[in-house]
Amino acid sequence: MKMSFRWFGKGYDHITLEQIRQIPGMEVVVTSLLDIPVGEVWPLERLKALREEVESYGLKLEVIESVNVHEDIKLGLETRDSYIEKYIKTMKNLSQIGVKVICYNFMPAFDWLRTELEYQLEDGSRTMAYRHDFVSKIDPENFAEQFMEQSKDSELPGWEPERLKEISRTIERYKEMTEDKYWKNIKYFLDSIIPSAEECDIKMAIHPDDPPWPVFGLPRVITGRENIRKFLDLNKSRYNGITVCTGSLGANRQNDIPAIIREFGKEGRIHFAHIRNLKFTSDRDFYESAHLSKCGSLDMFEIVKAFYDVGFDGYMRPDHGRMIWGETGRPGYGLYDRALGAVYLQGLWEAIDKMTNEYKLK
Ligand code: DNO
């Protein structure tokens, strides 16, 4: 397991690489070029400069999150081939700077979704929350407006202002989309890019849909064990893999996350792990809690143990944290709580490792 930390890049993140390098055990930075419009090629010169910047802090740049998939590819339009070509060029450029994993998603129209960005917890910290009732009653346009208001100046990943402005129009384009067609579009994309991923030695790691059920009538398919199996079977190369995001999959109580990790981890199909906890406030509603098992509804020990047992040698990062100690910034992506998460996860790993090898406990 290699511990990593998401960084949005200079000018896009209030956190510095200097701060990230000081988190104990931190090895890898997970980043992206946020200013390149979705679908355009990421220029090699920019990538070389980015790598140099990251490496000058003693960190490695081996994971990209995300190279977003153009809507035309998801919709299966004729124009998709030209976007796929550009996607492959970006992959080739990324391989030249030593990137090993690309995290991406295939969620239609927008990325992950929360209803509150500043949900206040008893201890005064703030976090993100999801209320299903709210989502089922509101239309996407109103939702997008409220979301923009709440997020103030800090842009959320997957909720860029350009996307939000277009949201109704984008959703409209999915009117005729069935789940079946959507799966076909995924397969078309995979079959086009995976041979290049193999050549480039870059593992593709799709992010699960968050939350893992249809929203605003749009298909959402990467939702749990069965659909992950279906996804992996679309293209059986090891380079076609997944990101296990415990918070996304964990939002559906039926998902047995340790079992998912064991099944797909053994097959070498998990390339990236986003680890966070959440606390259910009803059957479907939850807030994102601190990472510790006792703070939320997920058992972090069981999750880390499953990764350990399958010999996970991919990248792991602490996912969304709360805002604590007066920090302000991009919701979910503060420094302090995620740094605590990174250390906690490494603590679990070390304990499991020593118990297994030195104390010979199973
Ligand atoms: C949210 C993130 C997602 C993720 C994308 C990957 O915080 O986990 O935005 O980066 O879905 O493409």
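The points below describe the fold of this predicted model, from the whole chain down to single strands and helices.

1. Basis. This is a predicted model, in which local features need pLDDT of at least 70 and side-chain atom pairs count only at pLDDT 80 or more, while totals for chains, interfaces and linings use all residues. Residues are numbered from 1 along each chain as its sequence is written.

2. Overall make-up. The chain holds 14 helices and twelve strands; helices (H or I, at least four residues) and strands (E, at least two) are DSSP runs, numbered from the N terminus. Its radius of gyration is 19 Å, close to the 21 Å that the globule rule gives for 362 residues, so the chain is as compact as a globular protein of that length. The radius is taken over C-alpha atoms, and the rule is 2.2 Å times the number of residues to the power 0.38. The C-alpha trace spans about 60 × 45 × 40 Å along its principal axes.

3. Of the 362 residues, 44% count as buried. A residue is buried if 20 or more other C-beta atoms lie within 10 Å of its own, exposed if 12 or fewer, and partly exposed in between, with C-beta atoms placed from the backbone. Two residues are in contact if their C-beta atoms, placed in that way, lie within 7 Å. Among contacts between residues at least 6 apart in sequence, 72% join residues at least 24 apart.

4. The barrel. Eight strands form a closed barrel in the order S1-S2-S3-S4-S7-S8-S9-S12, with parallel pairing; two strands pair if DSSP finds at least two bridges between them. From one strand to the next the twist averages 30°. Angles run from 0 to 180 degrees between N-to-C directions, and axes are lines fitted to C-alpha atoms, for helices over the stretch in contact.

5. Strand S4 (residues 101–104) runs parallel to S7 and is joined to it by four bridges, with Tyr 104 opposite Ile 206. S7 also pairs with strand S8 (residues 240–245) in the parallel sense, over three bridges, and here Met 204 stands opposite Asn 240. Between S7 and S8 the chain passes through helix H10 (residues 225–234) in a right-handed β-α-β crossover: with the strands pointing away from the viewer, the path from the first strand over the helix to the second runs clockwise.

6. Strand S9 and helix H14. Four bridges link S8 to strand S9 (residues 270–275) in the parallel sense, and Ile 270 is the bridge partner of Ile 242. Helix H14 (residues 336–357) packs on the sheet, where it touches S1, S9 and S12, and its direction makes about 135° with that of S12.

7. An open sheet of four strands has the order S5-S6-S11-S10, with antiparallel pairing. S5 and S10 stand at the edges with a single partner strand each, so one side of each is left without a neighbour in the sheet. Here the twist averages 45° from one strand to the next. S10 and S11 run antiparallel and are joined by four bridges, with Asn 277 opposite Ser 289.

8. A helix pair. The axes of H12 (residues 257–266) and H13 (residues 300–309) come within 9 Å and cross at roughly 10°. That makes H12 roughly parallel to H13; angles under 35 degrees count as roughly parallel, over 145 as roughly antiparallel, 65 to 115 as roughly perpendicular and the rest as oblique. Residues making the contact include Ile 261 of H12 and Phe 307 of H13.
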